[in-house]
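Please walk through this structure with its sheet, its helix packing and its ligand shell in view.

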Amino acid sequence: MSDGLEDVVAAETVLSEVDGQAGRLIIRGRSLDDLAGRAAYEDVLHLLWDGFFADLPKDLGPALGAARAAVFAEVTALDTGLLDRTPIEAMRALTARLADGDELEVALRLVAAPAVFTAAVVRGQAGEAPVRPDPTLSHAADILRMIKGKAPSKGEADALDTYLVTVSDHGLNASTFAARVIASTRAGLASAVLGGISALKGPLHGGAPGPIIDMLDGIGAPENARAWLEDALARGDRLMGFGHRVYRVRDPRADALKKAVRRMGEGSNVLPGRLEFAEAVEQAALAILREKKPNRTLDTNVEFYTALLLEALAFPPTAFTCVFAMGRVGGWVAHAREQLAGGRLIRPQSLYVGPMPKVAA
Ligand code: ACO
């Protein structure tokens, strides 16, 4: 038995490769360096979905814009009961209203859903009315516009685009595996995506970046980092943004996102000194983890600089996981389609270690 299915190969995929020793991510034949900051999310969707849908248009922008407009109709279901929930729970509940199905239109609506619904939830929780999508904008620019109520700068839209591309797919991570298991039962795309959202929301997976802001705020200044981090470890807490099941070196997405934060530049949205402060905390955390956890190589993962980037884009930390879902949903859909195209029902075995029935004397 492999605890946590570590090292188990459970699917063949053409979608992405995570090389945990080299710290390299390949998305459908293209390196992350080649895509992050260079390709639009719509183009990466095309890259991931090519061959998995009939008649896939080369430019997915207009169809995705139309899908954002279509799913906006469901925003009327956002009542006060849902606004009292966390953004990911409210977004998931609205996404669950979309009909199941396996075709391109449903797939595009599922990609549009986390973007449109998160924007409505964030605004609703701030007491503001939802903003109708503008199908003519890029997905990234429209997300920011729907949240802020005004057009973002090019720098902001580019930074979010870089983020969405960077997290679009990542091998058989927990949420993608969940989506593939559901797809393997032929339950449909919407069910697979809802499973992905549900798996993503946990703090060991996509729920990490919100608490990273709490950590940075709790530390406050570089000179407090060591003591704060040691206390956290002594309490048995994990340091959010560090460690990975597959990477034994630095997660390559961390640097792609750090670069994106740097490109945004101080004085725009990044608070003066914020990046340097985060770097100081990162160095302190890595040094302490090396001392306290010598048996395990723990390095920076994608979530650390995700937190900084999404903070600079003024997303509330409570909604960071929803923004992760906005990018990863493209990968979930591709994996669900790939599973449907060739995979069998995923049904592993368990090892029974419970009591046996008493044998009559
Ligand atoms: N802080 C402190 N200790 C850690 C951390 C961490 N961030 N990560 C792992 N460890 C320790 C564990 O306590 C354990 O130590 P022990 O052997 O002394 O008990 C050892 O490293 C191995 O931990 P596992 O839980 O077996 O490692 P696993 O591969 O299952 O965990 C995970 C990977 C969940 C990402 C883990 O590193 C973690 O909890 N990190 C913090 C949360 C986080 O950043 N999540 C985002 C991951 S990236 C993503 O999903 C997109």
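The model is predicted. The sheet is an open one of three strands, ordered S1-S2-S3 and paired in the antiparallel sense. Its edges are strand S1 (16-19) and strand S3 (30-31); each has a single partner strand, so one side of each has no neighbour in the sheet. Between S1 and strand S2 (residues 24-27) there are four bridges, and the pairing is antiparallel. Within this part of the sheet, Asp 19 stands opposite Arg 24 in S2.

The helices come next. Two packed helices are described by the angle between their axes and by the distance between those axes. Both quantities are given here for each pair.

Helix H3 (residues 61-71) packs on helix H6 (residues 104-125) at an angle of about 60 degrees, and their axes are 8 Å apart. On the H3 side the contact consists of Ala 63, Leu 64, Ala 67, Arg 68, Ala 70 and Val 71, and on the H6 side of Leu 108, Arg 109, Val 111, Ala 112, Ala 113, Ala 115 and Val 116. Sorted by class, the contact of H3 with H6 holds eleven nonpolar residues, no polar ones and two charged ones.

H6 also packs against helix H10 (residues 189-200), at an angle of about 20 degrees and with the axes 10 Å apart. H6 and H10 are therefore roughly parallel to each other, the limit for that term being angles under 35 degrees. The crossing of H6 and H10 is right-handed. Here Val 106, Ala 107 and Leu 110 of H6 meet Leu 189, Ala 190 and Val 193 of H10. That contact of H6 with H10 has six nonpolar residues, with no polar and no charged ones.

The remaining pair is formed by helix H13 (residues 252-264) and helix H15 (residues 302-312), whose axes come within 8 Å and cross at roughly 25 degrees. This angle makes H13 roughly parallel to H15. The crossing of H13 and H15 is left-handed. From H13, the residues in contact are Arg 253, Ala 254, Leu 257, Lys 258, Ala 260, Val 261 and Met 264; from H15, they are Val 302, Phe 304, Tyr 305, Thr 306, Leu 308, Leu 309 and Ala 312. The contact of H13 with H15 counts eleven nonpolar, one polar and two charged residues.

Finally, which residues come nearest to the ligand? Of the 20 residues around the ligand, these are Leu 204, Ala 208, Arg 238, Gly 243 and Arg 245. The shell around the ligand as a whole divides into seven nonpolar, eight polar and five charged residues.

Notes. Residues are numbered from 1 along each chain as its sequence is written. This is a predicted model: local features need pLDDT of at least 70, side-chain atom pairs count only at pLDDT 80 or more; totals for chains, interfaces and linings use all residues. A residue is near a molecule or strand if its C-beta atom, placed from the backbone, lies within 6 Å of it. Ala, Val, Leu, Ile, Met, Phe, Trp, Tyr, Cys and Pro count as nonpolar, Asp, Glu, Lys and Arg as charged, and the others, Gly among them, as polar. Two strands pair if DSSP finds at least two bridges between them. Helices (H or I, at least four residues) and strands (E, at least two) are DSSP runs, numbered from the N terminus. Axes are lines fitted to C-alpha atoms, for helices over the stretch in contact, and angles run from 0 to 180 degrees between N-to-C directions. Angles under 35 degrees count as roughly parallel, over 145 as roughly antiparallel, 65 to 115 as roughly perpendicular and the rest as oblique. A crossing is left-handed if the near helix is turned anticlockwise from the far one by less than a right angle, and right-handed if clockwise. Two residues are in contact if their C-beta atoms, placed from the backbone, lie within 7 Å.
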